[in-house]
Amino acid sequence: MRRRVGIAASAALLAAVVVAGAGGATPAGGTVPNINWVTLLPPLGSPTTPQPGPVAHCRVSSSKCVDTEVKRMKRLQAKLGCDHRAVFTTTYLTLTKVFRNLIRTQPDLYEHPHYLYTEDALFADVYFDTVHAYRDGATVPPAWRIAFETAASGNANGAQDMLLGINAHVQNDMPFVVAALGLRTPSGESRKPDHDAVNLVLNHAYQPVVDAIKDHYDSLVGYTNSDLTPLDDVAGLELVRGWREVVWREAERLANAKTQAERNQVASQIQAYAAGWARAIAAANLGLPPGYRATRDAYCAAHPIH
């Protein structure tokens, strides 16, 4: 019986549970059933400004903006090679491809797709700017610093690298992106239904992400016990869906801040919350042998992405 990474993870540390479940088998149909609990949490009041406008790499909002981000991520993925930061770049690339495919195959899924094209571009810009800032020795948010430092020298597994990146980009970055673009349409309609609908991307992308990491960066990711159930997938997906719900609430707090000092306080709390998750995820490499980093590097060198 093959041993799953982190099988002894404590239930008290949800991040470690997800690391343990990173290789769960998906149910028939390729998607994972989710409790649609986000629909039970209506959006709070918020202003109708700002509204989205042109952003870098998406001057005219269209599906071509998503194509551009796919190309940019492919270039970064190739440049990083076996650098452990490539795990999240590959995760992000896979998620973006799935998002693009859903837009093409289910055009009625999102009520305001042009808003999402702009959001996708701005969100990616924040990621690339952070990567470049860290490369240049500039200060980056704590959650990103922990993710990058773990990738540079930690003995983490591939699932941890994946989660560290998702945590930093979603919980640290996304509230500011959503608040910058606005939470409501000019007529006052909440954009939360489209935000929640993006959770479908997680369902479709989960297994492709796990496979990509397993095939190129960490051979243990995806190995399972014979008694594994789809509940591992559900736990992982619900964690990220929960993070995305927190994102919306934090964006509401940013949008509703009455003063710059209040907004600064909210921003500080957002960063501290994401950093707390990052520390927990980075510390959750349970059951890994010393020197596992070298094993991962050798495996990656023998399994390049073509």
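How many disulfides does the count come to? The count comes to 2 disulfides. The model in which they are found is predicted.

## Disulfides

A disulfide is a covalent bond between the sulfur atoms of two cysteines. Counting the bonded cysteines along the protein chain, the pattern of the disulfides is 1-2, 3-4. The table sets out the two links.

| Disulfide | Distance between sulfur atoms | Angle about the S-S bond | Handedness |
|---|---|---|---|
| C58 and C65 | 2.2 Å | 80° | right-handed |
| C82 and C300 | 2.1 Å | -95° | left-handed |

The cut-off for buried is under 20% relative accessible area.

The other disulfide joins C82 and C300. Which parts of the chain does this pair tie together? C82 lies in the loop between helix 2 (63-80) and helix 3 (86-105), while C300 belongs to helix 11 (residues 292-302), so the bond ties together parts that are 218 residues apart in sequence. C82 is partly exposed, with a relative accessibility of 30%, whereas C300 is buried at 5%.

## Q77 in helix 2

Helix 2 also holds Q77. Is Q77 buried or exposed? Its relative accessibility is 12%, and because buried means under 20%, Q77 counts as buried. Leaving aside residues up to four places away in sequence, Q77 is in contact with T89, T90, L93, Y217 and I305.

## Helix 5 and helix 10

Two packed helices are described by the angle between their axes and the distance between the axes. Helix 5 spans residues 142-153 and helix 10 spans residues 260-282. Their axes come within 7 Å and cross at roughly 20°. Angles under 35 degrees count as roughly parallel, so helix 5 is roughly parallel to helix 10.

Which residues meet in this pair of helices? On the side of helix 5 they are P142, A143, I146 and T150. Helix 10 contributes Q271, A274, A275, A278, R279 and A282. By type, the residues of this contact divide into 7 nonpolar, 2 polar and 1 charged.

How values were computed. Residues numbered from 1 in each chain as written. Predicted model: local features only at pLDDT ≥ 70, side-chain atom pairs only at ≥ 80, totals over all residues. Heavy atoms only, no water. Axes fitted to C-alpha atoms, helices over the stretch in contact; angles between N-to-C directions. Helix = DSSP H or I, 4+ residues; strand = E, 2+ residues; numbered from the N terminus. Parallel < 35°, antiparallel > 145°, perpendicular 65-115°, else oblique. Contact = heavy atoms within 4.5 Å. Nonpolar A, V, L, I, M, F, W, Y, C, P; charged D, E, K, R; others polar. Disulfide = S-S within 2.5 Å. Buried < 20%, exposed > 50% of the residue type's maximum accessible area, 1.4 Å probe, protein only.
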